[in-house]
Amino acid sequence: MAVLTSPPASLPYVVALNCMEGCHAQAEALADVCVLENVGLSEGMLDKLERADVVLVHSLHYLPRAAQRKLSASQLILCLGSSADTRPVESSLAEELGLRLVHVDVPRTDEVADSVMALMLGLLRRTHVLAAQGCTSASWFAGFKGAWQGMRRLRGMVLGLVGANAAARAVARRAAVFGMRVVYCDPEGELQRSPRAEALMRAVGEDRGTVEGVLGASDVVSLHVALTDSTLHLINDDTAKHFKKGAMLINASSCHLVSDSAVKRALNSGRLGSCGLDGVEGNQWLEAWVREFPNVLILPRSADYSQEVWEALQAKAVAVVRAFLTSGKVPEELVLDESFGGVEGEEEEEEEEAQWQVLHALFPSASAAAGAGAGAAGAAANGGDGGGGSGVKKGGRTSGGGGRVSEDSRRSSGNGGKSASGGARGGGGGGGGTQTDALAAAADKLLPDCPLQDGMLVALQPLSSASATSSSSTLSLPAAFAAAFPKALFAAKRRDGGASWRFAPVEGISTQHPSVQFVIVCDKDLLGCRSVFAGGKFLQASEAGDLLLVNDDLDLAESWFFTTVSHHSNGLALSLTNALHSHVELQVLVHVLSGG
């Protein structure tokens, strides 16, 4: 459907002001409730702004004054993805102009953490310096001695985190994989509001108590606090004295946390060896900094951006527009206030705990304490005894084409469908009582002496079984696989186009290859399989019987019942039935690669 340029009178008119180029998909999604048009900053925009019922902008503050004056109190103004620094400014301006402004944003934890690691690795490996030499010869080592001197490895370095928000904890997880030691301080008290997050952070790092304590102990310092009166110019001439000589400073939070001049003096004196910044306070210094300091990397405020973030932002904006035009209200769960970016919600914390479990399975020597801490965190948060599994979540995602699963469709459990973090036998739960005990007893009957444990690293082989073909209503997928691929292992493979993953048999591959390795997640009588190669995504079944790796959450489509268990000469033969699509059954031979 083409995007209309003149709205019919029967439908409300929505203007995306230079923030949704090529918005055909969004316009089609809203075609029954409004006409959506992306309008550029041109002479004709003022009339369209005045006639619009809803206006989408990147920033109200940076709109031309003439455009601001065309907006009215009867319109809904959606501000997409404004930063934590500018959000209060945007709100104050909207109040001054008498406008109804709503902030729409999505979590960007992974983007910030990835950018921090990219800056850190780029500076330590001096990739920007070496790439600028333009050398294609094998003699680079002798010809560019000055360029490669100072290249360092991450392993064994101490990473200091000033702040303990979600991004800081994501950086800590990544640093653990690289073999770094972690120290931190929590000046904002983020961890006090989340026992689970506190347990996870204490498991992987050492709390140094103060900013100065972190600076003095760290080879690399990364800032993860919000901009407040007390954190403005947190890094200044006084605090810079506490840096370990030659340390690296990384700042992907507010650029106002760092005094540009103080950092420049610290670099000149050698107190700081290098720094990576996502933007600087005085943009006029950018060119001079990059030219003068080869040990400085500066990004254009891009650390929290990704294609996934932008797509999620647009999808959320469409949902807000639809809700507003159909009900006259903006759902609270779809918008945020100026405190956005603090402690994660319960579901995000559960996902964080699950990521620690995967990390522990893959790198036990680097994260043994973190894995133990994750179990303790689950116990502290849920009132249980702290097994390893992350429970089936309320209202979580199902397979790609479905919506949220209703609570009635879930298996009954002692805590309303959401399991405490229990082991393979569902030990310890927040619910307690006879119902939980009865479930545990039922699981024991179903799984007599089953050796599978939460956190085990396994490989799965298709197994032909008579039971797979005994019922015409059952999709006998592995039986056919086993016949066609007698020596195959199931592997995570990119689907056509590379945007998603499928679960398919592959021949001629070792169990040591990450693509065939899966981490077991046990939750009472349910089992989940997280793919190592696909970044921890769970194996799920669709209604049509497709086997996919889509979601990071353990929901019904990603959960499997043990219907039979038998020992086999080469491993453990399992028959699994999908919890959401009971007609999909798997027969697999499980090869245990490492214990839970």
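A nonpolar core is a set of buried Ala, Val, Leu, Ile, Met, Phe, Trp, Tyr and Cys residues joined through side-chain atoms within 4.5 Å; buried means under 20% relative accessible area with a 1.4 Å probe, protein chains only. This is a predicted model, in which local features need pLDDT of at least 70, side-chain atom pairs count only at pLDDT 80 or more, and totals for chains, interfaces and linings use all residues. Residues are numbered from 1 along each chain as its sequence is written, and side-chain values use heavy atoms, without hydrogens and water.

The largest nonpolar core has 32 residues, and Met120, Leu159, Leu161, Met180 and Val220 have the most contacts inside it. Helices (H or I, at least four residues) and strands (E, at least two) are DSSP runs, numbered from the N terminus. Among the elements that each supply at least two residues of this core are strand E6 (158–162) and helix H9 (166–177). Helix H5 gives the most, with 8 residues.

Contact means heavy atoms within 4.5 Å. The table leaves aside neighbours within four places in sequence.

| Residue | Contacts |
|---|---|
| Leu159 | including Met120, Val171, Met180 and Val220 |
| Ser259 | His233, Ile235 and Asn236 |

Ser259 lies in the loop between strand E10 (247–251) and helix H13 (260–269). Ser259 counts as buried because its relative accessibility is 10%.

Elsewhere, 4 strands form an open antiparallel sheet in the order E15-E16-E20-E19; two strands pair if DSSP finds at least two bridges between them. Strands E15 (489–494) and E19 (539–541) are the edges, each pairing on one side only. Strand E16 (residues 501–506) is joined to strand E20 (residues 547–549) by 2 bridges, and Arg502 stands opposite Leu548 in E20.

Methods. Buried < 20%, exposed > 50% of the residue type's maximum accessible area, 1.4 Å probe, protein only.
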